[in-house]
Every structure is written in C-alpha cells, then in structure tokens.
Amino acid sequence: MDAPEPPPAPRQYPPKPRPGDHVAVISPSSGLPGLFPLPYELGLRRLESEFGLLPVEYPATRKMGASPAERAADLHAAFADPDIKAVFASIGGDDQITVLPHLDRELVRAHPKPFFGYSDNTTLLAWLWNAGIVGFHGASVMVELGRPGALHPRTADSLRAALFSPGPYELTAPGASNDIGRPWDDPGTFASEPVLAPCDDWSWRDPGRAAVEGAAWGGNLEVLSWLLMADREIGPPEAYAGCVLFLETSEELPPAEEVFRMLRCMGERGLLRQFSALLMGRAKSWSFRRPLGREDAAAYRRAQREAVERALDAYAPGMPAVFDVDLGHTDPQVVIPYGGVVRVDGPARRITVTY
C-alpha cells in the first residue's frame, strides 16, 4: 500500500456528471446486491428515472465474498473508464479496510470522479481525502436510492445538488425522520414509504460568536476507529487543523461508553482539538438485532450525546457542535462533501455545504 501523502491544496472537486451520463455502481465493501436484489435494482432504476443517469455494474457488484483484489479492480476500472462520470457504492459493510493495500492512488488522481458512499465507505472517502479529491458521504444505491415507496424529497434534493450543482447548499432540519427498517427480502416492504415520526431539531452546543468554515472530514465513527487501530489513512493531527469534523454511528448501535472511548482515543492522539466545529449525525437507534422501542431509543440517543459532550469537555472545550444533523444512517439523509467546504454559523444557526 502506498503511504498517505500530504494532499494537494486545495482539494479538487471532481467534474460533475450530467443527465445521460454513465455512472459506475460497485461494491467495495459487501456484495449484498446479490442477496437482496429488490432494493438494489430499485436503486438502479431510480438513478435512471429520477436523475437521468445510466448505471453500469461491475463484476464484483453482486458477488458476496469477493476478494479485496476483485473489489479494488472494479474501483480502478470505474475510475479509469472515460465514459464513467461518477461512482456509487451499492452499500457498506465491515471490511473495506482490506481493500486499501490493493488500491492505486495515482490512477485515481489521474481520473478524479465523484464517489458516493458512507458507513464502511468512510475508508474510501478518507483514502480519497489523502489523494486530494473531494468525495461525497451519503447516497448508497441500496438504502437511499432503494428506499421503499419513494425517495425522500430531502434526500433526493441533496443528492441532486451534490451530483449536478456546484456551489453552496444550505442544510435544514427535517422535522421528521425514520429509524426503523423493514425486511429487504419481502416484496411487500417496497409497496409503501417508511412511516416518519417527529424528531428532535438540531441542538447547538457552544455555538460561538462567529461562523467557522473548513474542509469536512470524518464519517462513521466505528470505521474511523478501525483506521486508527490499523494506522491507515489518518494523518498527523495538524493535517486537520481548522477542518469541520462530522461523525455518525451505525446500526450496530455502539454503546455510549464505547463512543466515548473512541473519541477519547482521538483526543489522546491530538485530533479532536484540531477541528473548528463538529456536526454529529442523529444516532441510529434501531436495528433488526436491537429493535428498541421509542423510549429506549430516545434514551440511547441521549446517552450517546452525553458521551460525545464528555469527550468534547475533555479534549475540545468550547468547540461549536451541532447534534442530530441528518447525515449518515438516517432517513432522510443529506450528502456531506468529504473534503469539501462546510460553513457552520452558530450565531445564525445555519449549516452550509459546498458541493
């Protein structure tokens, strides 16, 4: 594996696709499209019907158990093909870190393209950061594009802006969200939209007296902790000075104490104090393994927030933080430009990203 190098400054926003262009759909983490074709194929249809893009599958996209080398080969082929104008991850997983040794950073630098994914795809987004390329945290084919019933309008609007419209985009709190999944192997799941429930508005901590602006870095906290343990793709603390940190947790529902411990390690490494602000995604609080009821889910989210605040008190006191932003494992979901500019205006209670 080539070691991370200081990225070029500023990071490069790759050229955006246009309706009618071909886009790659790959599975750099898991071949779940092969097990659950219903949401996957719905997501493919929506790329074409809702966004006018023509999806192209690669050999390992539907292959469960594809080797890291096979998955890397798909990514290389997608970036190298001049007819492909953007790359979408089908879904996340848990072993994308094993793909890193097989990746060619120079090939991707020579053919920069928008890459969309989140969860385990935090690994590739951090890798692209070190290549000096802005990626896009969000919009997996099976989850957001394959959402039962219909795309959420807020998700669709954010994705459309990230795909086609360079420039600033203001995020707004959704008012209602969904946290509960339905089985992907049941055709009945896709007959209706998820039921939304009222959700907490954004909550600001130490908003400060002036807006801050910086490049976005972060992603899924569990995946970042793996990268830290393996010493992959995370640079020296000063590489993130002035950046805006954004974090979220997954459907594995890590305990609040474990969330604190992961952040404590980031703090002990000197990372947390480098950032100018934190955007914390609304905590996922339901899974098929842990189908929490409403009260237990609310208690889980409260405990996670308290854990994050405890870490900030210890390692980044006074840093502005916004909780319950609809990024990551949440519905609706906004896309965050990974390495792109984010402006956090505490006094005005506004968040603006630049796509």
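In helix H4, the buried residues are Thr-122, Thr-123, Leu-124, Leu-125, Ala-126, Trp-127, Leu-128, Trp-129 and Asn-130; buried denotes under 20% relative accessible area, exposed over 50%, and partly exposed the range in between (1.4 Å probe, protein chains only). The structure is a predicted model, in which local features require pLDDT of at least 70 and side-chain atom pairs count only at pLDDT 80 or more, while totals for chains, interfaces and linings use all residues. Residues are numbered from 1 along each chain as its sequence is written, and side-chain values use heavy atoms, with hydrogens and water left out. Helices (H or I, at least four residues) and strands (E, at least two) are DSSP runs numbered from the N terminus.

Because 9 of the 9 residues of H4 (residues 122-130) are buried, this helix is largely enclosed by the rest of the structure. Thr-123 belongs to H4 and counts as buried at 1% relative accessibility. With residues up to four places away in sequence not counted, Thr-123 touches Gln-96, Ile-97, Leu-100, Val-223 and Leu-227; contact is defined as heavy atoms within 4.5 Å. Just after H4, Gly-132 adopts a positive phi of about 80°.

An open sheet of 6 strands shows mixed pairing and the order E2-E1-E3-E4-E5-E14, where two strands pair if DSSP finds at least two bridges between them. Strands E2 (54-57) and E14 (336-338) stand at the edges with a single partner strand each, so one side of each lacks a neighbour in the sheet. From one strand to the next, the twist averages 30°. Axes are lines fitted to C-alpha atoms, for helices over the stretch in contact, and angles run from 0 to 180 degrees between N-to-C directions.

Strand E1 (residues 22-26) runs parallel to E2 and is joined to it by 4 bridges. His-22 has Leu-54 of E2 as its bridge partner, and Val-23 stands opposite Pro-55 in E2. Since 4 of the 5 residues of E1 are buried, E1 is largely enclosed by the rest of the structure.

Helix H1 (residues 37-49) lies across E1, E2 and strand E3 (84-89), at about 140° to E2. H1 has 13 residues and spans 18 Å from its first C-alpha to its last, close to the 18 Å expected at 1.5 Å a residue, the expected span being 1.5 Å times one less than the number of residues. Its buried residues are Pro-39, Tyr-40, Leu-42, Gly-43, Leu-44, Arg-46 and Leu-47, and they pack against E1, E2, E3 and helix H5 (141-145). Helix H2 (residues 68-80) lies across E1, E3 and strand E4 (115-117), at about 170° to E1.

A nonpolar core is a set of buried Ala, Val, Leu, Ile, Met, Phe, Trp, Tyr and Cys residues joined through side-chain atoms within 4.5 Å. The largest has 101 residues, of which Phe-88, Trp-217 and Leu-279 touch the most other members. Beyond its neighbours within four places in sequence, Leu-279 contacts residues including Val-244, Phe-246, Val-325 and Ile-351. Another core, of 5 residues, lies apart from the largest one and has Leu-253, Leu-292, Ala-297 and Tyr-300 among its members.

Lys-284 is located in the loop between strand E12 (277-281) and helix H9 (294-315), and counts as buried at 15% relative accessibility. Among the residues that Lys-284 touches, not counting those up to four places away in sequence, are Asp-179, Leu-253 and Tyr-300. A polar atom of the Lys-284 side chain lies 2.9 Å from the backbone oxygen of Asp-179.

Technical notes
Polar contact = N/O pair within 3.5 Å; in protein donor to acceptor, adjacent residues only side chain to side chain.
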